[in-house]
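Please open the model and keep the sequence beside it. We will walk through a few backbone and side-chain details together.

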Amino acid sequence: MLLSLILPTAVLGALADLYSKHARLSLPTDVDDGEEHQVDLPLEPLGPVHPPPEEIDQTIKEAFLRVDDDIVHWAAERALAGPPDGRAQDLLAPALSGSCALLGFLDTESRELHMALTGDSRAVLGRPVVDAQGKRRWKVHELTQDQNAHNEREMARMEGEHPGETIGANGRVMGWGMARAFGDAAYKWSRELQKRLFEDYLCDYPRSNVKTPPYFTAEPEITTTQVRPGDVLVMASDGLWDCLTNEEVVGLVGLWLEKHSESEVHHPQHEIVSSAHESTQKDVIERDDLPVVDMKADHTKMYPWWHAQKRFINVDDTVTAHLARNALGGANVNLTSALLHIAPPRTRRYRDDISMIVVLF
């Protein structure tokens, strides 16, 4: 919750400063007697203010790192400056927690979409094309790569930074799911600091596999994509991707768009998941019927874990509800009901949290 409040504000402020700097550089000047003078304001820039893409990316990266530094290191400094009381625990709690972050920034002048990822959330872009039969289908573009133990480049990076140590094992990174994260101070604070916080501030003793911290970083990887009218963007936490493939998600969005008119897309009447109903055979949509150009193999893990066949349905008023329903049972309404009614802490065994944003360009 803390990260969702402060990270967008930090990035927006940093980008506003960057764009203001380039706006000042593009103001016209008045030449008088061979000398240049800034023309009295107010003035408009000479043209569209568009910083170079690399400067935008660097600004976003620096904002991510500043936020994480405040969460992890500034909080520890503030806690150590005072007594080991409740206030210190409040400062240390976000640092000891961990979170991923997926953030998109669209420059409306250039239509460049900058997608920044720290962790194992994911963003995919669907782009409509017309096939030989004149039907609209969707090409799928993965905009981010999950930063986890299955990412060979991430593993090589971390193993190079900590030679001789076991970084990845059993599909995990240092025992966790992702290779980059905000917080997770137990893998960023020095061992000396962790020992002091253990002795005086009720923190945990340094973990046995923490030998040469820091391990995790909050620095995002950023990709830039030129978006077009008609594109769709899906940003979601790993709970969605544990259930559905990239192609299934884009295909399901395309299927939903086929059913809903333009007015319904932009002015939905309902914002919650529709009540479940018994689906008929005619309602059921098979995986191969989704309107995507290249349906790749399904290696997701949750439907096999539930011992259920993956089949879809299109009954919801909002596209996010549509995706959530099909991630959690699809046409199997009994499975959906069961998954939504499992109470914590058992929920973690059968479904992960699902957060998502769908953007229709």
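Pro345 sits in the loop between helix H11 (333-341) and helix H12 (347-350), where helices (H or I, at least four residues) and strands (E, at least two) are DSSP runs, numbered from the N terminus. The bond that leads from Pro344 to Pro345 is cis, with omega near 5°. Another cis peptide bond joins Pro213 to Pro214, with omega near 10°, and Pro214 belongs to the loop between helix H5 (191-201) and strand E11 (221-226).

A word on the source: this is a predicted model, in which local features need pLDDT of at least 70, side-chain atom pairs count only at pLDDT 80 or more, and totals for chains, interfaces and linings use all residues. Residues are numbered from 1 along each chain as its sequence is written, and side-chain values use heavy atoms, leaving out hydrogens and water.

Most residues other than glycine have a negative phi, and most peptide bonds are trans. Met174 is in the loop between strand E9 (172-173) and E10, while Asp184 is in the loop between E10 and H5. Met174 is buried because its relative accessibility is 4%, and Asp184 is buried at 7%; buried means under 20% relative accessible area, exposed over 50%, and partly exposed in between (1.4 Å probe, protein chains only).

Now turn to the rings. The structure holds eight aromatic pairs; rings of Phe, Tyr and Trp (its six-membered ring) pair if their centres lie within 6.5 Å, and planes under 30 degrees apart count as stacked, over 60 as edge-to-face and the rest as tilted. Phe64 and Phe182 make a tilted pair, 5.5 Å centre to centre with 50° between the planes. This pair connects distant parts of the chain, with Phe64 in helix H2 (residues 53-80) and Phe182 in strand E10 (residues 182-183), 118 residues apart. Both Phe64 and Phe182 are buried. Why is the pair of Tyr303 and Trp306 edge-to-face? The planes of Tyr303 and Trp306 are at 65°, with the ring centres 5.0 Å apart, so the pair counts as edge-to-face. Tyr303 and Trp306 are buried too. Elsewhere, Trp176, Tyr187, Tyr215 and Phe216 come together in one aromatic cluster.
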